[in-house]
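Have the sequence and the 3D view open as you read.

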Amino acid sequence: MLSDYDIQVLQDQEGDKIQASEFEGFIEMMMGKKTHLSFSSIKNFIPITGGNPYRFMRYKLKKFEATQAMVLGDAIDVMILTPHLKDRFAVIPNDASFASKAGCEVYANWIQEHIPSFNPEGIEGKKMDEQKYIIRVALDVLSREKTIISEDDYKLAQFISNRVLRNNSVNDILRFMKPEHTQTNVEFEAFGWKWRGKTDATLPYGGYLYKNGVVIDMKLMPDASPNHAIRTIRNEFYNGQGAIYTKGQKLDVPFLNICYDRSGGVSIIEHS
């Protein structure tokens with residue numbers, strides 16, 4: 001268990017604080033194994049990915065909030081794996097902005113397209129701060145039904161997904177994919193703990209190279225060329241993710257990272 005001194009040092013390093021009551025509740029939860037583990041939580045624990053016990057604790061206690069990078073990655077995955085679900089994204093026009101009244105009007109008209117009961121005329125004549133408040137409340141309501149993404153990021157997701165789907169090697173594998181093979185929630189016990197996670201695709205048949213099946217995880221990387229992709233995989237411990245979600249489920253099949261970057265580069269890295 002961490003000493004009071006260790007906790008203080010880690011808090012100083014991370015720049016935030018966890019309340020004593022939260023810490024005690026976390027220790028009780030872990031000692032009683034009243035929680036589950038996931039690859040994301042383990043990444044926040046192991047030193048190879050910059051993790052430590054305090055960061056792990058903070059991750060387990062925090063409320064999940066999707067970052068812009070997560071939304072972009074989600075859009076790419078949907079366009080590649082489950083294109084029939086792409087309507088769940090609400091794409092904000094580039095000229096929607098809180099910086100001007102004209103930008104707020106664009107926001108208001110766009111919101112009405114998704115929430116018909118919203119009246120854009122309701123913000124006319126109001127001060128900028130009032131307009132922003134009304135729009136932010138509407139955006140919060142909309143975000144409960146749709147995933148909000150910028151127009152630029154949506155176009156980037158379209159570009160990347162098109163490049164991935166036009167890659168012959170990727171196509172040779174994904175052409176055997178069915179909707180029920182994608183975004184699979186998994187739960188299993190391994191190493192004395194309950195685990196939860198999601199695989200992008202688990203195929204019972206992946207072509208002549210993967211006749212007995214294959215597990216696939218998509219990764220957006222700074223550089224998807226093979227050498228750089230392998231380096232990123234090692235640094236981010238994605239090979240460990242493959243081990244957890246195959247060996248943990250007692251699946252004797254290869255694990256693939258389909259890697260892509262913002263410039264349209266694509267590569268496939270196999271872990272066996």
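Helix H6 (residues 101–114) and helix H7 (residues 128–143) pack at an angle of about 25 degrees, their axes 10 Å apart. That makes H6 and H7 roughly parallel to each other (angles under 35 degrees count as that). The contact (heavy atoms within 4.5 Å) involves several residues of H6, including Tyr 107 and Trp 110, and several of H7, among them Ile 135 and Leu 139. Sorted by type, the residues of this contact are 9 nonpolar, 2 polar and 2 charged.

A quick word on the model: it is predicted, so local features need pLDDT of at least 70 and side-chain atom pairs count only at pLDDT 80 or more, while totals for chains, interfaces and linings use all residues. Residues are numbered from 1 along each chain as its sequence is written, and side-chain values use heavy atoms, with hydrogens and water left out.

Now for the rings. Rings of Phe, Tyr and Trp (its six-membered ring) pair if their centres lie within 6.5 Å, and planes under 30 degrees apart count as stacked. The count comes to 11 aromatic pairs. Here are two stacked ones:

| Pair | Centre to centre | Angle between planes |
|---|---|---|
| Phe 39 and Phe 237 | 6.5 Å | 25 degrees |
| Phe 98 and Tyr 107 | 4.8 Å | 25 degrees |

Phe 39 and Phe 237 link distant parts of the chain, 198 residues apart. Is Phe 39 buried or exposed? Phe 39 is buried, at 5% relative accessibility (buried means under 20%, exposed over 50%, partly exposed in between, with a 1.4 Å probe and protein chains only). Phe 237 is partly exposed at 25%, and Tyr 107 is buried at 9%.

Definitions and conventions. Axes are lines fitted to C-alpha atoms, for helices over the stretch in contact, and angles run from 0 to 180 degrees between N-to-C directions. Helices (H or I, at least four residues) and strands (E, at least two) are DSSP runs, numbered from the N terminus. Angles under 35 degrees count as roughly parallel, over 145 as roughly antiparallel, 65 to 115 as roughly perpendicular and the rest as oblique. Ala, Val, Leu, Ile, Met, Phe, Trp, Tyr, Cys and Pro count as nonpolar, Asp, Glu, Lys and Arg as charged, and the others, Gly among them, as polar. Rings of Phe, Tyr and Trp (its six-membered ring) pair if their centres lie within 6.5 Å; planes under 30 degrees apart count as stacked, over 60 as edge-to-face and the rest as tilted.
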